[in-house]
Amino acid sequence: MCDYAVGLIASGYHRHREKAIHGVAMPRSYLELTLNPRDNELDYINATNFNCDIILNPDLSTFRILPWTEQTARVICDSFTVLGNPLMTSPRHIAKKQLSQLQDNGFSLQSAFTYEFCIYGITEIVNSKTISFPAATILNNHDQTFIQELIEGMYYAGANIESFSSSSGPGQMEITFHPVFGIDAADSAFTFRTGIKEVAKKYNYVASFFSESGFYNSGALSHSLWDLNGQKNVFSAGYGAEELSDIGKNWLSGLLAHTAAISCLMAPTTSCRKPYSKYSKESKETVNAKWAYNDNSCAFNVKCHSGKSTRIENKLSSATANPYLVLAATIAAGLDGIKRGLRYDDMFEEEYLTGDLKHSSIPLKLEDALVALEKDSCIKEALGETFIRYFVAMKHYELETEEMDSERNKCLGYFI
């Protein structure tokens, strides 16, 4: 009996070793949402060829034993074609490509996500279409066990939580991660967003990142630019200086210049775009993304509490956004600002052609934001035309079927 068990373990080891080296084959349609055949998206289907297999290649540095379940580990995979080329629609690949661009320009990025989300009690779901009151704020309630398992479990799963607190509404929570360099920031966010759903289920809760019924769940990205060795924060103008460095101003100007295009990546649903109107009441079609020093009400909040901690909080993002795309879009916009030497004080003095979106304008309608994305050659080139074509096609399809999705009440377990 023992010999048989050892034999199974040995056999399993060699089998898994092969998968670790050569990857795992999977139908492409499992990772890319397929469009409704009635939509006649034949050009798109032929262009991306999503009827074929792809290879999932595990990033073994992300291997973690999951402490909230038994005999289960997690590893994040990168997706490739069978010929070994990266899948151009993979958000993680796009983010890694932008981080590589930063490195080529002599920079590294330190960042951390902050998420708001709601915890619902299972018994409070009246039926498949209606949600009544969320659970009472957990930190003011009795369920410290859930909180403790969540925080400890996330640490061992690779998502190091800096703070965890109740937010503005009942059952609404806010989580912040420790800042890290590179792709780890998005990996931590991805781990948390999937892991909390599994931990919550053990305690008969549902964790939702969707914005609904008056709750707006934000997904801010706090970030700072450093030198290649991660020793100097190049956003900092010096200790005690309450302003950005020249490079920091260029970066912020890039974010403002590309706000319209990147907004649909950061707030990719109709409901999560509604809070944009709080930034301004200037027009019905667009609002201006504001920025300021140490002002939490702004879309871009520049924090200059001390030299090394100088950072920009990108608060355009909703909790429903894909963290890899938020990271990639932020880098693409900011790096363009540095390359072109943009300065926001000069940008607002320019004359604009009638009908063009001004710098820092946010379209309130998702449809208009998608148009801005398609017109933004810089962001399109940075993220790749294949991805942009796929993303825009899927968003248009979601808009067409939005009412049907609402009826199915997909929001509880769904995020992009």
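Me: Is Val 75 buried, partly exposed or exposed?
Reply: This is a predicted model, and in it Val 75 sits in the loop between strand 4 (73–74) and strand 5 (77–81). Its relative accessibility is 30%. Buried means under 20% and exposed over 50%, so Val 75 counts as partly exposed.

Me: Which residues make a nonpolar surface patch with Val 75, and what is the area of the patch?
Reply: Val 75 contributes to a nonpolar surface patch together with Leu 60, Phe 63 and Ile 65. The area of that patch is about 370 Å².

Me: How are helix 7 and helix 9 oriented to each other?
Reply: Two packed helices are described by the angle between their axes and the distance between the axes. For helix 7 (residues 259–266) and helix 9 (residues 323–340), the axes come within 9 Å and cross at roughly 170°. Angles over 145 degrees count as roughly antiparallel. Helix 7 and helix 9 are therefore roughly antiparallel.

Me: Which residues of helix 7 and helix 9 make the contact?
Reply: Helix 7 contributes Ile 262, Leu 265 and Met 266. From helix 9 come Leu 325, Val 326, Ala 329, Thr 330 and Ala 333.

Me: How far apart in sequence are the parts tied together by Asp 59 and Arg 92?
Reply: Side chains of opposite charge can pair when their charged atoms come close. Asp 59 and Arg 92 form a salt bridge, with the closest N and O atoms 3.0 Å apart. Asp 59 lies in the loop between strand 2 (53–58) and strand 3 (64–65), while Arg 92 belongs to helix 3 (residues 91–104), so the pair ties together parts whose separation in sequence is 33 residues.

Me: Which residues are linked with Asp 59 and Arg 92 in a network of salt bridges?
Reply: Both Asp 59 and Arg 92 are buried. The network of salt bridges that holds Asp 59 and Arg 92 also includes Asp 78, Lys 96 and Asp 187.

Me: What is the relative accessible area of Glu 313, and what is that of Lys 303?
Reply: The side chains of Glu 313 and Lys 303 meet in a salt bridge, 3.5 Å from N to O. Glu 313 is in strand 15 (residues 311–314) and Lys 303 in strand 14 (residues 300–303), 10 residues apart. Buried means under 20%. Both residues therefore count as buried, Glu 313 at 13% and Lys 303 at 14%.

Me: Which helix holds both Glu 398 and Lys 395?
Reply: Glu 398 and Lys 395 form a salt bridge of 2.8 Å, N to O, and both are buried. They are three residues apart, about one turn of the helix, and that helix is helix 13 (residues 385–400).

Me: Which residues does Gly 106 touch, leaving out those up to four places away in sequence?
Reply: Gly 106 is in the loop between helix 3 and strand 6 (107–121). Gly 106 and Trp 226 are 120 residues apart in sequence, but their C-alpha atoms are 8.8 Å apart in space. Beyond its sequence neighbours up to four places away, Gly 106 touches Trp 226, Asp 227 and Leu 228.

Me: What percentage of the residues in the protein is buried?
Reply: The protein has 14 helices and 16 strands. Of contacts between residues at least 6 apart in sequence, 71% join residues at least 24 apart. Among the 416 residues, the buried share is 51%.

Definitions and conventions:
Residues are numbered from 1 along each chain as its sequence is written. This is a predicted model: local features need pLDDT of at least 70, side-chain atom pairs count only at pLDDT 80 or more; totals for chains, interfaces and linings use all residues. Side-chain values use heavy atoms; hydrogens and water are left out. Patches are made of residues with over 30% relative accessible area and no salt bridge: like charges are joined within 9 Å, nonpolar side chains (Val, Leu, Ile, Met, Phe, Trp, Tyr) within 5 Å. Accessible areas come from the Shrake-Rupley method with a 1.4 Å probe; for residues, only the protein chains shown count as cover. A salt bridge is a side-chain nitrogen of Lys or Arg within 4 Å of a carboxyl oxygen of Asp or Glu. Helices (H or I, at least four residues) and strands (E, at least two) are DSSP runs, numbered from the N terminus. Buried means under 20% relative accessible area, exposed over 50%, partly exposed in between (1.4 Å probe, protein chains only). Axes are lines fitted to C-alpha atoms, for helices over the stretch in contact, and angles run from 0 to 180 degrees between N-to-C directions. Angles under 35 degrees count as roughly parallel, over 145 as roughly antiparallel, 65 to 115 as roughly perpendicular and the rest as oblique. Contact means heavy atoms within 4.5 Å.
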